[in-house]
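Dear colleague,

Please find below the structure that I am handing over to you. My notes on what was found in it follow directly after.

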Amino acid sequence: MNNTILEIIRLKKTFGGVIAVNDLDLTVAKESITAVIGPNGAGKTTIFNLTAGFLAPTSGSLIFDNQDISGKKSYEIARLGISRTFQHVQIFPEMTVLENIMIGRHVRSRAGLFVSSLLPYFLRKEESKIQEDAEKYLEFVGLQPVSGKHAGELSLGNQRMVEIARALASEPKLLLLDEPASGLNARETLLLGDLINKIKDTRITVMLVEHDMELVMDISDHVAVINFGQLIATGTPSSVQENQDVISAYLGE
Amino acid sequence: MNHSNQFSDLLQFVFMGIQRGSIYALVAMGFNIIYNATGVINFAQGEFVVLGGLIMVSMTTMLHVPIVVAFFLSTLVVMIAGVIMERFTINPVKEPGILRLIIITIAVSILLKGIAMCIWGKDSYHMDHFSGDTPFEIFGATILPQTLWIIGILVIIVFFFILFFNHTMIGKSMRACAINRDAARLVGINDRLAVMYSFAISAGIGAIAGIIITPIIQMDYGRGALLGLKGFGAAVVGGLGNSIGAVVAGIILGVIEALGAGYISSHYMDAIALLILLIVLFLRPSGIMGSSEASRLKDF
Amino acid sequence: MGTKDYLGIIWFSIILVVTPFIIGNDYYIGILVFAAFNCLSCIGLSLLMGYAGQISLGHAAFLGIGAYSSALLTVKMGWSPWLAIVLGIILAVIMALVIGIPSLRLKGHYLAMATLGFGSIIHIVTVAAVDFTGGPAGISQIPTLNIFGFPINSDVKYYAFIWIIVVIGLFFALNIIHSRSGRALRAIHGSEDAAGSSGIHTSRYKIRIFVISAIYSSIAGSFYAHYVNYIDPGPFGIMHSVLLVTMVAVGGMHKVWGAVIGSILLSVLPEILSTISEVVEGYGIEYKPDYDTLIYGSILLAIMLFLPGGIFQGVGDGFKRLKKLFTRKTSSAV
Amino acid sequence: MNRKLFCFTAVSFFMVMSALTPHLFAEDYKVGCLFSITGSASWLGEPERNTAEMIAEEINKAGGINGHKLKLYIEDTQGDNTRAVNATKKLIKKDKVCAIIGPSRSGTSMAVIPIVQAEQIPLISCAGAEVIVEPVQERKWVFKTPQKDSDCVKRIYDHLTAKGIKDIGIISGTTGFGTAGRDQLKAIAKEYGMNIVADETYSPADTDMTAQLVKIRNSGAKALVNWSIVPAQSIVPKNMKQLKFDIPLYQSHGFGNVKYVEAAGPAADGIIFPGGRLLCVDSVSDDNPQKAVLKQYRDAYEARFKDKVSTFGGHAYDSLWLVINALKAVGDDPAKIRDYLETSTLVGTGGVFKFSPTDHNGLDKNAFEMITIKNGEFVVLKD
């Protein structure tokens, strides 16, 4: 139990009549890299959305760090220590790269709206601390050269890095990466793999949904295969690769 | 007061309500068609109604065009106005943020109002009823032939509406765009064209609403805002995007308004529909006929 | 607040101080007083539109709440105007919470609809509740303001007073934007999902900023009542709400400075138009104030289509381009 | 040069000059006008502006006022308070007018009163509400020409009393005019022993008043008074006809617009309302002192603007002539004009005015004529 950071128990989510996630059980080990794979429409992103609080489960529960988080709102879950990135990059295009990452420090700082409007001078210290911290994460993903640019002007690969840096800046225990390699070229994907390993080294658990099998097999400690909202196989990359159910799910019977 | 008298009063209020409500329903349908195609509330919807009414008045009283011909011509003119609006203000926008599109429709509504004021001035225009104004009596309550026209035309429009969206290629592709624009584009539907059609149809429905109500209310350039607002209320109460819901909600709103004016107070009549709009918005944002899950995913 | 904004405020204040000496005439100063009311409302509204990405089509109702609170409490109950203003603010906050909490919890632009309905209801109530608000006949003999026994009873005095208030309001607004909260607001505007996943309580921020923008309008409404000394429901209808949105959008909704510029520009526009009309009349072209509506609509539409960042950003970009052109030329010359 | 001749030439030159000066170099008399020419109440402002321009042209063609040209500064309030306040300031501070006529609406009049009181410029409002000139102590600089609401109510109640009707329903539009009338109807009812059994309202944008009328029908009212100035008022007679609700319908003087009669169609026939005599010039008896003025104004207006004359233009006519008479008598000093106005009399379109320090309206209930609609025309009611 102590080795588990996220435990998904009999999780179910339906949209109208469509069942997206069906009685799913899944555990994610601490400080591991766990990949969730499966054919399109298998319910992977729905699992992420449920975990990160963007959707409320129809039934079942999610235990994160010994705490039931099912049905909690996304901002609450973020405060508890789950950060995520999105399948379609969600950055703040009008803000600079540094500011984007400073947003990640939101949960680790306190200044309120009313004080900041009336007495901004008392908050100088905190503000410069936020910036200092953000710069560390900027360096971590290697984006210092573009720090002052508007995030919307960056290449997709760099935008992904901004997103990841922002997520890391909130000091999560669990990082959810939703198809981080989609849209990246081969070189960028390699760098991404290195980065994810680097993140793991900082003792953050990484859970990712990914279609790039090479990347998944390369970096994952565990792989969970989902089809029709159900878990059909789990294990090490190599064991999953040989699983008959997985092969038939991918190839179609 | 004896019972039959009370009943005839009630009936009278209901007639009044249905007449008002039918117009709200038509305006609401117009909102929905554009909403489904673009995800935007078209604030110029009320101006289509005004344009329809005013053009009809000019055609029948000044140019002496026969009513039936004028009816179709006025509708056509307003539909063209709708298409022009779409081609010149909605279509060219490259990165259509919802906020920006909303403000664009507000700008168009101001512009249309200004144009109407320049062409027709500020007088209110009245027009003869389609088939006389001798009321029929039903159980002690009276109903104008024009009201029957309004109800009849509403029914016909709803009928054609269902036919169009379920049984024609254009209608089906428009529906596909409303459900999932990306997917529709993938199967080769021109979504931009669908947006244009939606403006044409919604302008046409708005114009018809204006044409049929003008004999009763006297049309002037400034009526668009309130008609738009009430129709908007109907669209929300019926569930944004749900046109049949809008028709039901429009008539319910109209009847509640009339009953409110009749039994509670006429001083706050206009506030009643708006209050219902707010209550529905707060308690059931998906509308009385929509699913609550859907509203959470809506952009607007 | 950034250095640029400090410089901006200083320049703005200098312009404000110099202006009365240039224009001289009390009449024009009066127009600038009205511009100040719009400016104050628009600063609040731009926080909502530009930074929280929400649109309110009922802000004139908050003006009305401020104006009517001030008028009723001072005229009918003999309260001090300052106390009345505070009560107006409290009422505006309560109403903003009532409207904001349910509609801002939802994604998207439900606030636009709710405020539209709310704005009309407030307007209908001011018209219909004759015993309370005086109905369409309005409330007259609203006292002029006093600061420590010093009456603000001329246009010039009011000009000075109200623009000081605006500058203070501007200062607060700029502080908000450049704080942690302001960043959070901009993030919400950029991507609500990403903001949520970064631990930002999106709906709470949106509600707060909506409340703040309501406070700005309520204050503007109170000061309006004390300046004109008479109010009726006329200026608090939907059309004024739309005008305020127009001002913010024309000026540039992504910058508070845009709202300042937009509101001043559109407030003096009728004046400019009537001056132009006098000139063109000399050439036999008749211009009627009727066309004002057309011109407002056209300006708004043109800005939204071609300069979605508004005049403020448009002018800024123009300068940048010019600068680039200039530096390139000089460098190529060297 | 012969010295004597020089003296003679010089003296005669100065004499001729001084005789000519008022005509050649006299400063214009500046009068401000505040009319809601555009916007929602343009039907008031347009005839007012037309009338004022017509009179000014006439006066200037005839050589002006004591040799001074009459110059009008016409401002459009658009029926909006803010604009009205701005425009008033402009007239007083930029154009330096000596008197102001207008505004057209009661609300805008109320909004500008504090300014003219403070700046001490006489204002003759063209709007209906009585509060504009009352209490007179607080309205030193404010006058108005339209007939009083209370007099209109009295004429209606006189007529009802003569017919023996006591139970009445009232329905009014929710504008300044309608609300003021509603208050007066209720206030004066007791004096006449009237019993108001139903009190309904409708907004200017309303489209159907059957609900209100059914309520009035159920209240047992024997007559209905419809008090409004907006176009929506013509829906009331139409709805009554639709409901086959057949009791006498009285309107206020706000019905005095041919367009409303046209909009109501045949349903308008038989409506009774107290109105200015301008509406029914031809059926006013020849011995009425106003007849000549009415006929002259109507003919001039209709010939020039190809539009039916309205009582609203008449209010501007009366206001401007009051100012012109004052200018003739005392010149363009605002304080003198004000003092003169308080003693003015005028046979105008709205009635025979007799102003006094306690009466800044100068009209009584005889300013109204009971008018009815016959075949879509206004005629004097004879019974």
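Domain bounds, as used here, come from an automatic or database domain assignment. On that basis, chain A is divided into domain 1 (1-81 + 174-253) and domain 2 (91-171). Their C-alpha centres lie 27 Å apart. The contact between them (contact meaning heavy atoms within 4.5 Å) takes 16 residues from domain 1 of chain A and 12 residues from domain 2 of chain A.

Please note that this is a predicted model, in which local features need pLDDT of at least 70, side-chain atom pairs count only at pLDDT 80 or more, and totals for chains, interfaces and linings use all residues. Residues are numbered from 1 along each chain as its sequence is written, chains are lettered from A and ligands numbered from 1 in the order in which they are written, and side-chain values use heavy atoms, with hydrogens and water left out.

Chain D is likewise divided, into domain 1 (26-147 + 290-364) and domain 2 (149-275). The C-alpha centres of these two domains of chain D are 29 Å apart. To their contact, domain 1 of chain D gives 12 residues and domain 2 of chain D gives 13 residues.

Chain D also holds an open sheet of 5 parallel strands, in the order S2-S1-S3-S4-S5. Helices (H or I, at least four residues) and strands (E, at least two) are DSSP runs, numbered from the N terminus, and two strands pair if DSSP finds at least two bridges between them. Strand S2 (70-76) and strand S5 (142-144) of chain D each have a single partner strand, so one side of each is left without a neighbour in the sheet. Within the sheet, S3 (residues 99-101) and S4 (residues 123-125) of chain D pair over 2 bridges in the parallel sense, and D:Ile100 stands opposite D:Leu123.

Angles run from 0 to 180 degrees between N-to-C directions, with axes being lines fitted to C-alpha atoms, for helices over the stretch in contact. Helix H3 (residues 81-94) of chain D lies across S1, S2 and S3 of chain D, at about 175 degrees to S1(D).

H3(D) also packs with helix H2 (residues 26-51) of chain C, at an angle of about 160 degrees and with the axes 8 Å apart. That makes H2(C) roughly antiparallel to H3(D), a term for angles over 145 degrees. Among the residues that meet are C:Tyr28 and C:Phe34 in H2(C) and D:Val85 and D:Lys89 in H3(D).

Yours sincerely

Terms used:
Parallel < 35°, antiparallel > 145°, perpendicular 65-115°, else oblique.
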